[in-house]
Amino acid sequence: SYATRGDGQPTNDPVPPEQQRAAIQAVLQTLRPDFLELPSQITALLPPRPPGYPRDRETFDAHTGMVFDPQAAAESWIATELDLLLNPERLARLVGQDATVEKSITPPELFDAIENIAARTTSQTRPQQEIARSLEKQFLNHLLQLALTRDTEQQVSAFALQRIAEFESKIKTR
């Protein structure tokens, strides 16, 4: 049942909450440190960038100069993914959906899911722990941007500030 404006196109009804959760879980799997860790046999095959070849929009910043940087590759993907997941307009739509659609996903629920993926464990390899640390850091940076940007919807800013306060508390207990 599509409501139309005369053109036969569907309106912008939200995707059902169960489908939203499934999609978010699928996307979050690409942020798992064990998913982002490149096998050493692969990185050993990647030659250094030749001198004189400048970086362009199809390369990512590296911390290791000309040598391939697997940590920077993971950081680049994390930044791209968090830019999409934590887009202020998208989060504002989640707030609006939560007000009108029962059992909708909320920004805090999304924050919890990201934070769970970023958790470091003793079973992770050192590179995986570094990837998890980078995810946590970039997640915190995104929260700070959400909290401090004037154009961010007020409730989204409030959720971001609340999560930042929780981060502070966790850091103090560490």
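In this predicted model, Glu 130 has a relative accessible area of 28% and therefore counts as partly exposed, whereas Arg 126, at 55%, counts as exposed. The side chains of Glu 130 and Arg 126 meet in a salt bridge, with an N to O distance of 3.9 Å, and both residues belong to helix H7, where they stand four residues apart, about one turn of the helix. Elsewhere, salt bridges that share partners join Asp 112, Glu 115, Arg 163, Glu 166 and Lys 170 into one network.

The count of salt bridges in the model comes to 10. One of them pairs Arg 21 with Glu 109, whose closest N and O atoms are 2.6 Å apart; because Arg 21 lies in helix H1 and Glu 109 in helix H6, this pair ties together parts that are 88 residues apart in sequence. The two partners are both partly exposed, Arg 21 at 27% relative accessibility and Glu 109 at 28%. Another salt bridge links Asp 34 to Arg 32, with the closest N and O atoms 2.9 Å apart, and here Asp 34 is partly exposed at 42%, as is Arg 32 at 26%. As a general point, side chains of opposite charge can pair when their charged atoms come close.

At the start of H5, a side-chain oxygen of Asn 87 comes to within 2.8 Å of the backbone nitrogen of Glu 89.

Helix H6 can be read in a similar way. Its 12 residues should span 16 Å at 1.5 Å a residue, and its end C-alpha atoms, 16 Å apart, agree with this. The residues buried in H6 are Pro 107, Leu 110, Phe 111, Ala 113, Ile 114, Glu 115, Ile 117 and Ala 118, and the buried residues of this helix pack against H1, helix H2 (33-36), H4, H5, H7 and H8.

Which residues touch the most other members of the largest nonpolar core? Of the 30 residues in that core, they are Leu 86 and Ile 114, and the elements that give two or more residues to the core are H1, H4, H5, H6, H7 and H8. Leaving aside neighbours within four places in sequence, Leu 86 is in contact with Leu 91, Leu 110, Phe 111, Ile 114, Phe 139, His 142 and Leu 146. In soluble globular proteins, nonpolar side chains tend to be buried together.

Two further residues show contacts between parts of the chain that are separated in sequence. Trp 77, in helix H4, is partly exposed at 35% relative accessibility. Trp 77 and Thr 30 are 47 residues apart in sequence, with 8.7 Å between their C-alpha atoms, and the backbone oxygen of Thr 30 lies 3.3 Å from a polar atom of the Trp 77 side chain. Beyond its neighbours within four places in sequence, Trp 77 is in contact with Thr 30, Leu 31 and Leu 36.

Arg 120, for its part, lies in the loop between H6 and H7 and is partly exposed, with a relative accessible area of 30%. The C-alpha atoms of Arg 120 and Ala 132 are separated by 5.9 Å, although the two residues are 12 residues apart along the chain. With neighbours within four places in sequence again left aside, Arg 120 is in contact with Gln 129, Ala 132, Arg 133, Glu 136 and Arg 174, and with the side chain of Glu 136 its own side chain makes a polar contact of 3.2 Å.

Note on methods:
Residues numbered from 1 in each chain as written. Predicted model: local features only at pLDDT ≥ 70, side-chain atom pairs only at ≥ 80, totals over all residues. Heavy atoms only, no water. Polar contact = N/O pair within 3.5 Å; in protein donor to acceptor, adjacent residues only side chain to side chain. Salt bridge = Lys/Arg side-chain N within 4 Å of Asp/Glu carboxyl O. Buried < 20%, exposed > 50% of the residue type's maximum accessible area, 1.4 Å probe, protein only. Expected span 1.5 Å × (residues − 1). Contact = heavy atoms within 4.5 Å. Core = buried A, V, L, I, M, F, W, Y, C linked by side-chain atoms within 4.5 Å.
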